[in-house]
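Thank you all for making the time this morning.

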Amino acid sequence: MSTQIEKVGPQIPSSRVKSGIPGLDALLDGGFPAGKIVLILGEPGTGKTILCSQYLHWGASQGDEKGVYVGLNEPKPRFMAEMSALGMDFANLEKDDRFAYVDATEVRRIPEQAKVGRIPVGGRELGLARRVVVDSISDLVFRFPNIEERRPAVLDIVEVLQSTGTTCLLTSELPSTGVDRILQPEEYLAEGVILLRMLKDGARSLQVLKMRGSKVDSIPRPYVIKDNGLEVYATEEVYGQSAGK
Ligand SMILES: Nc1ncnc2c1ncn2[C@@H]1O[C@H](COP(=O)(O)OP(=O)(O)O)[C@@H](O)[C@H]1O
Ligand SMILES: [Mg+2]
């Protein structure tokens, strides 16, 4: 089995933030780069929300790092129930002020409030947060169908998040993962990009497309979703159709 290491940019040592997803840190040179924004890209059902929740849950329960989830497509009760079914008890973490859910579904629905830079990120909920998730950016910028308009909207959000100094995961819904897909502005603007894919044979594949300033393993690796969330098989290879980029 070969292990291909891709070097991206100068090797500046940066502190790493543990992902909390079994197997993933091995691909990321130890974890997500601290204080940076990483985009989780994938079609619906690939496990983006679960991955982000594991990231927050691990930080709050194991790492003593407060997490904030900015939810744009599902109301809090549904999120809490879905994650509870996967063994993540956010209600208890919330009581201890180690977790906060920011319901931003209204921001998405009410046009006058849709100014992207005014999402509640940066507000009091962020408090002492160290980990932030915005799920999903597509729900926020769906009003901008063309890329020229979408880019400043995404940049706006990225700048707000960067100013907080927290380590952020942003999710983005991919309409298609074909080879001819159009790169979204958030892929250029985020420091890291992880692509989740469902292959035709039902297998799942996770690939680190970029992680600025980090040595990463960019080979597509298999992952599964089980009763306790995602697990990545960091040393295995993806077999089957369209496993490539
Ligand atoms: N207990 C479980 N066992 C196996 N798969 C599960 C379980 N719970 C959820 N899933 C799978 O997780 C996926 C949904 O994950 P989610 O994070 O909501 O996706 P996304 O946010 O990318 O749309 C679905 O494919 C579903 O089948
Ligand atoms: Mg989701």
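I will begin with the chain as a whole, then turn to the core, the central strands, the ligand and a few local details.

Before anything else, please keep in mind that this is a predicted model, in which local features need pLDDT of at least 70 and side-chain atom pairs count only at pLDDT 80 or more, while totals for chains, interfaces and linings use all residues. As for labels, residues are numbered from 1 along each chain as its sequence is written, and chains are lettered from A and ligands numbered from 1 in the order in which they are written.

The secondary structure of the protein chain comprises eight helices and 13 strands, where helices (H or I, at least four residues) and strands (E, at least two) are DSSP runs, numbered from the N terminus. Of its 245 residues, 44% count as buried; a residue is buried if 20 or more other C-beta atoms lie within 10 Å of its own, exposed if 12 or fewer, and partly exposed in between, with C-beta atoms placed from the backbone. If we take the contacts in the protein chain with a separation of 6 or more, 70% of them join residues 24 or more positions apart, a contact being two residues whose C-beta atoms, placed from the backbone, lie within 7 Å.

In soluble globular proteins, nonpolar side chains tend to be buried together. Here the largest nonpolar core has 56 residues, and the members that touch the most others are Ile40, Val70, Val133 and Ile194. Helix H2 gives the largest share of this core, six residues. By a nonpolar core I mean a set of buried Ala, Val, Leu, Ile, Met, Phe, Trp, Tyr and Cys residues joined through C-beta atoms within 7 Å. Val133, leaving aside its neighbours within four places in sequence, is in contact with Cys52, Tyr55, Leu56, Tyr69, Val70 and Leu169.

E5 runs parallel to E6, with five bridges joining the two, and Val68 has Ala100 of E6 as its bridge partner. E5 also pairs with E7 in the parallel sense over five bridges, Val70 having Val134 of E7 as its partner; pairing requires that DSSP finds at least two bridges between the strands.

Which residues surround ligand 1? They are Gly42, Pro44, Gly45, Thr46, Gly47, Lys48, Thr49, Ile50, Leu86, Ile225, Lys226 and Asp227, a residue being counted if its C-beta atom, placed from the backbone, lies within 6 Å of the molecule. Helix H2 (48-61) and strand E12 (221-226) each supply at least two residues of this shell, and the largest share, three residues, comes from H2. The shell divides into four nonpolar, five polar and three charged residues; Ala, Val, Leu, Ile, Met, Phe, Trp, Tyr, Cys and Pro count as nonpolar, Asp, Glu, Lys and Arg as charged, and the others, Gly among them, as polar.

Staying with strand E12, we find Tyr223 there, and this residue counts as buried because it has 25 C-beta neighbours inside 10 Å. Leaving aside neighbours within four places in sequence, Tyr223 is in contact with Arg204, Leu206, Leu230, Glu231, Val232 and Tyr233.

Finally, some backbone details that I would ask you to inspect. The peptide bond from Asp135 to Ser136 is cis, with omega near 0°, and Ser136 lies in the loop between strand E7 (131-135) and helix H6 (137-141). Asp64, although not a glycine, has a positive phi of about 55°; Asp64 sits in the loop between H2 and strand E5 (67-71) and is exposed, with 9 other C-beta atoms within 10 Å. Asp97, also not a glycine, has a positive phi of about 60°; Asp97 is found in the loop between helix H4 (90-95) and strand E6 (99-103), and is exposed, with 11 other C-beta atoms within 10 Å.
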